[in-house]
Amino acid sequence: MTYATYVYAVRRTGGPEIHSPGHDGGGPVRLLPLGSLTAVVQDVPAAEFSEEALRQRFTDRLDLERCARTHHRVVSAAAAGAATVPLPLATLYANDVRTKVVLEEHAERLSEALHRVTGHVEWAVKVHRDTAVPLLEPDADADAPAASAPDEPATGREYLARVRDRRATRERRQESALDAVDLVDRVVRTVAVASVRRPLHGVELTGRDRPQVMNGAYLVPQDDERLLSAALDTLRQDPRLSGFAVEASGPWVPYSFASVALTEGVGRDGAPA
């Protein structure tokens with residue numbers, strides 16, 4: 001059987017061994033020296049991790065989730081022993097030699113990323129409306145003719161007034177959400193050293209009937225996690241956030257602040273590079 005080298009992460013040389021199971025069918029997770037750096041790798045069946053095989057596997061939600069969980073578990077185990085730069089899911093090379101060539105070409109950027117996250121962790125901070133708010137009809141209603149219905153306004157003036165009220169309500173909601181996000185972000189950034197704003201999650205992802213108005217990631221010094229907790233407690237009691245819920249989760253491996261763009265890990269011919 002032909003094997004490829006799957007790379008989970010990079011960290012500085014000298015960290016402890018990693019005792020965590022990797023992908024099924026592969027060898028044990030091991031450390032690959034790269035001079036002053038070390039790659040966390042695993043030998044995996046090349047046929048199961050080719051470009052075509054991964055494309056098919058990742059169309060299966062359960063298989064994708066299983067791979068992602070394995071990747072995260074190994075990265076977390078690596079980060080528990082030393083500062084770690086996680087690499088993207090399914091970063092593969094044909095063998096250890098090719099792995100060393102590519103990663104050593106990016107050694108300077110990997111070292112910079114390690115310096116950036118050493119002694120820091122990532123916290124996710126999200127803000128939701130505290131209760132479900134019915135969706136308002138689109139602005140296009142203002143130009144549309146009134147439909148005949150038992151509760152339709154008797155006059156055009158009443159109809160336009162209703163549209164203006166809807167629009168004003170929508171604008172107030174938008175302004176209140178922007179104010180809430182600004183307040184939470186300003187307070188959390190008094191503790192964090194960096195932040196990233198992520199796309200908002202819809203209710204189909206959150207599973208909650210509460211619109212999300214902020215989805216942020218913050219890089220926080222490990223020594224300041226208590227300060228972050230205190231800041232979040234203060235925000236939750238702030239009357240200016242009435243109608244909003246502030247949620248935080250962590251600490252996590254700082255994925256959002258340690259990304260390094262590498263040469264494509266899978267070759268154009270469908271085999272690992």
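This is a short talk on a few local features of one predicted model.

Okay, some housekeeping. The model is predicted, so local features need pLDDT of at least 70 and side-chain atom pairs count only at pLDDT 80 or more, while totals for chains, interfaces and linings use all residues. Residues are numbered from 1 along each chain as its sequence is written, and side-chain values use heavy atoms, with hydrogens and water left out.

Let's start with the aromatics. The structure holds two aromatic pairs. For a pair, the ring centres of Phe, Tyr or Trp (its six-membered ring) lie within 6.5 Å; planes under 30 degrees apart are stacked, over 60 edge-to-face, and the rest tilted. Tyrosine 6 and tyrosine 8 make a tilted pair, 4.6 Å centre to centre with 50° between the planes. Tyrosine 6 also pairs with phenylalanine 49, this time edge-to-face, at 5.9 Å and 75°. When I say helix or strand, I mean DSSP runs numbered from the N terminus: H or I of at least four residues for helices, E of at least two for strands.

Tyr6, Tyr8 and Phe49 end up in one cluster linked by ring pairs. Tyrosine 6 is buried at 0% relative accessible area, and phenylalanine 49 is buried too, at 2%. Buried means under 20% relative accessible area, exposed means over 50%, and partly exposed is in between, using a 1.4 Å probe and protein chains only. One more thing here: the charged end of arginine 57 sits over the ring of phenylalanine 49, 4.9 Å from its centre. That label needs NZ of Lys or CZ of Arg within 6 Å of the ring centre and within 35 degrees of the ring normal.

Next, the cores. Nonpolar side chains tend to be buried together in soluble globular proteins. A nonpolar core here is a set of buried Ala, Val, Leu, Ile, Met, Phe, Trp, Tyr and Cys residues joined through side-chain atoms within 4.5 Å. The largest has 22 residues, and Val125, Val184 and Val188 have the most contacts inside it. Strand 6, helix 5 (156-188), strand 8 (212-221), helix 7 (225-236) and strand 9 each give it two or more residues. Which element gives the largest share? That's helix 5, with six residues. Apart from this core lies another, of 21 residues, including Leu34 and Phe257.

Stay with strand 6 for a moment. Valine 125 touches Val184, Val188 and Leu232, among others; contact means heavy atoms within 4.5 Å. Alanine 124 lies in strand 6 as well, and is buried at 6%. The C-alpha atoms of alanine 124 and glutamate 247 are 8.2 Å apart, although 123 residues separate the two along the chain.

Then there's lysine 126, also in strand 6 (residues 120-129). Lysine 126 is buried but has no salt bridge, and the nearest side chain of opposite charge, glutamate 247, is 7.0 Å away. On charges, Lys and Arg are positive, Asp and Glu negative, and His and the chain ends aren't counted. A salt bridge needs a side-chain nitrogen of Lys or Arg within 4 Å of a carboxyl oxygen of Asp or Glu. The contacts of lysine 126 include His201, Gln212 and Glu247.

How many salt bridges are there in the whole structure? A search finds 14. In one of them, arginine 55 meets glutamate 52 at 2.5 Å, N to O. Those two are three residues apart in helix 1 (residues 51-57), so about one helical turn separates them. Glutamate 65 and arginine 61 make another, at 3.6 Å, and they sit four residues apart in helix 2 (residues 61-79). Aspartate 185 bridges to arginine 189 at 2.7 Å; aspartate 185 is buried at 9%, whereas arginine 189 is partly exposed at 42%. Arg30, Asp43 and Asp96 form a network of salt bridges.

Most residues other than glycine have a negative phi, and most peptide bonds are trans. Alanine 90 has a positive phi of about 65°, in the loop between strand 4 (84-86) and strand 5 (92-93). And glycine 250 and proline 251 are joined by a cis peptide bond, with omega about 0°; proline 251 is in strand 9 (residues 244-252).

Technical notes
Lists of a residue's contacts leave out its neighbours within four places in sequence.
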